[in-house]
Amino acid sequence: DRLAARTVTLSWPEATLPDGTPVDGYRVTRRVDGGAAVELPACAGTTRACTDPSVPVGTLTYAVTAAVGPWTRT
């Protein structure tokens with residue numbers, strides 16, 4: 001039997017520019033077992049916390065990227 005999927009709750013500190021201005025938002029990606037990065041749209045934007053539901057079993061790596069100005073999603 002496969003293990004049931006898990007839920008992971010993420011949070012991170014606020015990022016600011018050198019002058020103290022908050023960044024425009026965040027982009028969060030997840031890798032499982034070193035595979036390709038998968039963007040988590042529910043975690044994007046100005047929030048600094050989110051839940052990643054139904055996480056597959058494996059070694060997880062999350063990356064939070066602060067954004068200044070718009071970015072293009074692919």
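This is a predicted model: local features need pLDDT of at least 70, side-chain atom pairs count only at pLDDT 80 or more; totals for chains, interfaces and linings use all residues.
Colleague: In which order do the three strands of the open sheet lie?
Modeller: The pairing in this sheet is antiparallel. Strand 3 and strand 5 (60-67) each have a single partner strand, so they stand at the edges and one side of each has no neighbour in the sheet. The order is therefore 3-2-5.

Colleague: Which residue forms a salt bridge with R27?
Modeller: The whole structure holds two salt bridges. In one of them the side chain of R27 is 3.4 Å, N to O, from its partner. R27 lies in strand 2 and the partner in strand 3 (residues 38-39), so the pair ties together parts twelve residues apart in sequence. The partner is E39.

Colleague: Is E39 buried or exposed?
Modeller: The cut-off for buried is under 20% relative accessible area. R27, at 31%, counts as partly exposed. E39 has 16% relative accessibility, so E39 counts as buried.

Colleague: What is the N to O distance in the salt bridge of R30 and D52?
Modeller: R30 is in strand 2 and D52 in strand 4, and the pair links parts of the chain 22 residues apart. R30 is buried, with a relative accessible area of 12%, and D52 is buried at 5%. Their side chains meet at an N to O distance of 2.7 Å.

Colleague: Which residues does L40 touch, not counting residues up to four places away in sequence?
Modeller: L40 belongs to the largest nonpolar core. Its contacts include R30 and D52, whose side chains meet in a salt bridge.

Colleague: How many residues make up the largest nonpolar core?
Modeller: Nonpolar side chains tend to be buried together in soluble globular proteins. Here the core consists of V8, L10, W12, V23, Y26, V28, L40, C43, C50 and V55. Strand 1 (6-11), strand 2 (25-32) and strand 4 (49-55) each supply at least two residues of this core. The core's residue count is ten.

Colleague: What kind of aromatic pair do W12 and Y26 form?
Modeller: The structure holds one aromatic pair. W12 and Y26 are 5.7 Å apart, centre to centre, with 65° between the planes. Planes over 60 degrees apart count as edge-to-face, so the pair of W12 and Y26 is edge-to-face.

Colleague: How many residues apart in sequence are the parts that the pair of W12 and Y26 ties together?
Modeller: W12 is buried, with a relative accessible area of 10%, and Y26 is buried at 4%. W12 lies in the loop between strand 1 and strand 2, while Y26 lies in strand 2. The parts tied together are therefore 14 residues apart in sequence.

Colleague: Which cysteines form the disulfide, and what is its handedness?
Modeller: The count for the structure is one disulfide. The sulfur atoms of C43 and C50 are 1.9 Å apart, and the cut-off is within 2.5 Å, so C43 and C50 form a disulfide. Both cysteines are buried. With 90° about the S-S bond, the link of C43 and C50 is right-handed.

Definitions and conventions:
Residues are numbered from 1 along each chain as its sequence is written. Side-chain values use heavy atoms; hydrogens and water are left out. Buried means under 20% relative accessible area, exposed over 50%, partly exposed in between (1.4 Å probe, protein chains only). A nonpolar core is a set of buried Ala, Val, Leu, Ile, Met, Phe, Trp, Tyr and Cys residues joined through side-chain atoms within 4.5 Å. Helices (H or I, at least four residues) and strands (E, at least two) are DSSP runs, numbered from the N terminus. Contact means heavy atoms within 4.5 Å. Rings of Phe, Tyr and Trp (its six-membered ring) pair if their centres lie within 6.5 Å; planes under 30 degrees apart count as stacked, over 60 as edge-to-face and the rest as tilted. A salt bridge is a side-chain nitrogen of Lys or Arg within 4 Å of a carboxyl oxygen of Asp or Glu. Two strands pair if DSSP finds at least two bridges between them.
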